[in-house]
Structures are given as C-alpha cells and as structure tokens.
Amino acid sequence: MSDASPPARTAAVIPAAGRGVRLGPGAPKALRALNGTPMLIHAVRAMAASRAVSLVVVVAPPDGAPEVKNLLDTHALPERTDYLVVPGGETRQASVRLGLDALPDGITTVLVHDAARPLVPVDTVDAVIEAVRDGAVAVVPAVPLADTVKQVEPRGQGEPERVLATPDRAALRAVQTPQGFARDTLVRAHATVTGDVTDDASMVEQLGEPVVVVPGHEEAFKVTRPLDLVLAEAVLARRRANDGF
Ligand SMILES: Nc1ccn([C@@H]2O[C@H](COP(=O)(O)OP(=O)(O)OP(=O)(O)O)[C@@H](O)[C@H]2O)c(=O)n1
Ligand SMILES: C[C@](O)(CO)[C@H](O)COP(=O)(O)O
C-alpha cells in the first residue's frame, strides 16, 4: 500500500431477519437465546472480536429493528466497534442488499455473516479478511464434507427418489460464513444477479469473478434445526470450561 492509499476499512453485514422456520415455532431465530444471550449478540461479538472490523451492520427482522437496537445497546461490545441496525427483507439476498445500502463511504472490505452462525472463531474471521486484503475479490471459509453425497432424480410426490450419481467428495466443500468481499465487487453482484441464490459468493461467481477458499471451522456451523441449539450450547460450555469466560 502506498503512503497515499486510504486505510482498508472493514464492515460486517449480519443478516438476521430470517424467521428460523426449520428451528420450529418461537421468536425469530436470531433473537433466540444461547446460554441466556441472544444468538445475534454472539454473532455480533464474533465479528467484533476481529480488530479489523470497525463497523457491524445488523439486518433485523422487518418489524424488529427497535428491539435489535435495544439489544445491541444493552449488551457489552468492544468500544472500537460501531454498529447500526436496518430492517431486513423477504429473502436473505434482499436482507444483505439492504445492509450493503447502509454502508458508509470509506468501507472497502465487507464481510457477510449469518446471525445463525454465532460461534465462528476469530481466527476464521481474520483469515477471510486477510485473503481479501491480499487481493481476492471474494473469499469463502469452507470445510470438507463428512458424508457421502448423492445427486438424486426428482420424482413425483410419494415416489422414492432415485440416485443419479455420487459426486467425488474430495472435490466438494461445505461453505460457511463470514464470506469476505471487495465492497465494489459485492455491490456489483447484488445489483446484477437477480436469480435465487443461497449465498453471496455464488452471486460473485455469476459475474465470472474468482472466489477463493480458506479453511473454515467446525464451530462455524449454522444453527438451523433444534439439535443445532444443543450443539451450540455444548460448544459454549466447552469454551467456558477451557477459557473460563
Ligand atoms: N429474509 C431473510 C432470511 C434469512 N436471513 C438471515 O440469513 C441467515 C441464514 O439463513 P437461515 O439460516 O436459512 O435462516 P432462516 O431463513 O431464518 O431459516 P429458515 O429457512 O429455517 O426459516 C440467517 O442469519 C437469517 O436471519 C435474513 O436476514 N433475511
Ligand atoms: C450462506 C450460507 O450460510 C452458506 O452456507 C447458506 O448458504 C445459507 O443457506 P440457507 O438456506 O439460508 O440456510
């Protein structure tokens, strides 16, 4: 970086506007408690744990922005981290776009991190940021698959599915968040790609831009179904036993 270059500033956009249908009835998933603290607060702290992250933009459930703002105001976060809250949209993609729209000038690197991945370790966050700062326009943390995967043929209702193929597992990865981006590339992807996607990196792929993979972490799993809550609380208990926090 030349002396004249402005410093790279990193913001994390946290989509937290989902209902959590697969988790079952209750409050919106991001507001449910893990060991007494809302999942969203764990996720915000996970981003703020990186010294590189100076701003966290939380995308709240559409009618929940005041409640989320209150949660952030009343839970301890590092002083160096600013945060703001915007209401979310109908889909994850729409929610991320609303978060991007709220970013101030001067942010050059953007992380997009699911509130539903509250326990990602700071080393994973920092590895993603470093890869972007080293020149990658898009970075995903990913882990190898533990299961054999089958491609199946869609069948009519009530008919058993049939296996079409068994892809080579060695070439497959399960992708996590935070996903990291050069801000201009992610903004262009969200302005250009209109189809349904399940992550932000696939939008960048559709622009024809390269996406770099860094090692993910088993504790960055997504809280999706009820059993994931049990695992998340067990991870927190293990951390408390190991670290005394
Ligand atoms: N309209 C939406 C939908 C999802 N998300 C967020 O995207 C992340 C990943 O989504 P997922 O785990 O699928 O959450 P939900 O959509 O809430 O889950 P479900 O599909 O079970 O309802 C979550 O942090 C979720 O809050 C969002 O901000 N806005
Ligand atoms: C972004 C993501 O967490 C990466 O694994 C995932 O694609 C979200 O998918 P979901 O269907 O919204 O759970």
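Okay, let's start with ligand 2: the residues around it are Arg 92, Asp 114, Val 175, Gln 176, Thr 177, Thr 198, Asp 199 and Lys 222. By "around" I mean that the C-beta atom, placed from the backbone, lies within 6 Å of the molecule. Before I go on, this is a predicted model, where local features need pLDDT of at least 70, side-chain atom pairs count only at pLDDT 80 or more, and totals for chains, interfaces and linings use all residues. Residues are numbered from 1 along each chain as its sequence is written, while chains are lettered from A and ligands numbered from 1 in the order in which they are written.

Back to that shell. It splits into 4 charged, 3 polar and 1 nonpolar. For the classes, Ala, Val, Leu, Ile, Met, Phe, Trp, Tyr, Cys and Pro are nonpolar, Asp, Glu, Lys and Arg are charged, and the others, Gly among them, are polar.

Now ligand 1. What comes nearest to ligand 1? Out of 22 residues around it, that would be Pro 15, Ala 17, Gly 18, Arg 22 and Ser 95. This shell has 8 nonpolar, 7 polar and 7 charged residues.

On to helices. Helices here are DSSP runs (H or I, at least four residues), strands are too (E, at least two), and both are numbered from the N terminus. Take α7, residues 226–243: its 18 residues reach 26 Å from the first C-alpha to the last, close to the 26 Å expected at 1.5 Å a residue. That expected span is 1.5 Å times one less than the number of residues. α7 is hardly covered, with a buried count of 1 among its 18 residues. Buried means 20 or more other C-beta atoms within 10 Å of the residue's own, exposed means 12 or fewer, and partly exposed is in between, with C-beta atoms placed from the backbone.

Next, a helix pair. The axes of α3 (residues 92–101) and α5 (residues 183–192) come within 11 Å and cross at roughly 130 degrees. Those axes are lines fitted to C-alpha atoms over the stretch in contact, with angles from 0 to 180 degrees between N-to-C directions. So α3 and α5 are oblique to each other; under 35 degrees would count as roughly parallel, over 145 as roughly antiparallel, 65 to 115 as roughly perpendicular, and the rest is oblique.

Let's look at the stretch around β11. Thr 177, from the ligand 2 shell, joins Pro 178 through a cis peptide bond, with omega near 10 degrees. Pro 178 sits in the loop between β10 (173–175) and β11. Gly 180 is in β11 itself, residues 179–182, and is buried, with 31 other C-beta atoms within 10 Å. Gly 180 and Val 212 are 32 residues apart in sequence, yet 9.6 Å apart C-alpha to C-alpha.

Another glycine: Gly 88 is in the loop between β5 (82–87) and α3. Is Gly 88 buried or exposed? Buried, with 28 other C-beta atoms within 10 Å.

For contrast, a few residues on the outside. Asn 35, in the loop between β2 (33–34) and β3 (37–38), has phi near 50 degrees, a positive value in a residue other than glycine. Asn 35 counts as exposed, with 12 C-beta neighbours inside 10 Å. Asp 105, in the loop between α3 and β6 (109–112), is exposed as well, with 5 C-beta neighbours inside 10 Å.
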